Amino acid sequence: MSEATDIRWMQAALAEARAARQAGEVPVGAVLVRGGEVIATGRNAPIACHDPSAHAEMQALRAAAQRLGNYRLDGCTLYVTLEPCAMCAGAMLHARVPRVVYGAADPKTGAAGSVLNLFAEPRLNHQTQVAGGVLAQECGALLQDFFRTRRRAQRASQLAAHPLRDDALRTPDSAFASLPDYPWAPHYVSDLPALAGLRLHYLDEGPRAAPRSWLLLHGPTGWSYQYRHLLAALVAAGQRVLAPDLIGFGRSDKPKKLAAHSLAWHGQVLAELLTRLDLRQVLLVRQGGCLPLAQAAPARLAGVLSLQPGPAPGAAYDAPFPDAGHRAGPRAFAGLVDDEAPPALPHMNARCNLDEPGQARDLALRAMEYFRL
Ligand SMILES: [Zn+2]
């Protein structure tokens, strides 16, 4: 088979792939050719068909076998835009297809050499000749473009689920893309009554069924990033840990006006969050004041750890604040005085440089011992 012929048929397979994309399916297309004639075409359609086996190759093989009245497809060449998976490679072997030509390699599920090579398995009776990389660039670009567009749409719909209020700012996700030691999935909530539509970000790690949980509250210049090492140490010890970014901080929305902030309001937001997540027996880790949380949710607290954090934090702490307009939260907090008496609960005082993994691990162990966990 000449190279020009392979390219011509691969273009026909690409047309099928584009039709799959049009239908909202992952764009993979196939044509089955014999003696210079198209016997059948196929396009990826597992969503529309409710059928995990509805890959482009399977569709083409089924249609061809129906048309020829024979499951054996001697003398045929199958052209497909993506390296076949194990299922499709197996079907081709059952159909005795003598030759398969594919476009882009599939490093995730390719069974023609990328992950495994069924066609080169000497213990299998039938052998199918394989050629890969025909119009690979075009075939691969179609897939990459499809996934990129889908990711964008998913991000847009996530954003639409938490629309940004006119009187607030939101730090773009890209500001947080490359922070070291901060691998946790973000959680967002905007429908707590006290939030009035503002989006609050929090980390929530560890087993849901843990009898106690930790609430790590950052200080007036920090955000949840400050607790990355302590959180990792507590989670490694089997604890459930919640680390919110207060409104105005971290990945949470940032009201433009200082007047939006009051300690009572922040306390109310946190109390509603604890109720929403149904956290009981909460051990509160705080720096400076503890917000009127003890008033807002007294029944949910089981202990307090007052922390004297270490030296001034590094550049990563600036990530949520690309300009002065984003800093209303820290500025407002500088003027808020928390004169609430500490709640009558088990209370531990500690000093820790939270940016030192060793110190954070040590603090986790000491605190668990103190609170008898
Ligand atoms: Zn397949």
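Two residues are in contact if their C-beta atoms, placed from the backbone, lie within 7 Å. The model is predicted.

**Helix H10: span and sides**

- Helix H10 covers residues 357–370, which is 14 residues.
- From its first C-alpha to its last, H10 reaches 20 Å, close to the 20 Å expected at 1.5 Å a residue.
- Ala360, Leu363, Ala364 and Ala367 are the buried residues named in H10.
- They sit on the same side of H10, because they cover an arc of only 105° around the axis.
- An α-helix has 3.6 residues a turn, so residues three or four places apart point the same way.
- Gly358, Leu365 and Glu369 are exposed, on the other side of H10.

**Helix H10: packing partners**

- The buried residues of H10 pack against helix H6 (228–236).
- They also pack against two strands, E13 (301–309) and E14 (347–352).

**Positive phi angles**

- Most residues other than glycine have a negative phi.
- Arg372 follows H10 and has a positive phi, near 55°.
- Leu135 is not a glycine, yet its phi is positive, near 55°.
- The loop that holds Leu135 runs between strand E5 (129–131) and helix H5 (136–161).
- Leu135 counts as buried because it has 22 C-beta neighbours inside 10 Å, and the cut-off for buried is 20 or more.
- Asp278 also has a positive phi, near 50°.
- Asp278 lies in the loop between helix H7 (263–277) and strand E12 (282–287).
- Asp278 counts as exposed because it has 8 C-beta neighbours inside 10 Å, and the cut-off for exposed is 12 or fewer.

Terms used: Residues numbered from 1 in each chain as written. Predicted model: local features only at pLDDT ≥ 70, side-chain atom pairs only at ≥ 80, totals over all residues. Helix = DSSP H or I, 4+ residues; strand = E, 2+ residues; numbered from the N terminus. Expected span 1.5 Å × (residues − 1). Arc of directions from axis to C-beta.
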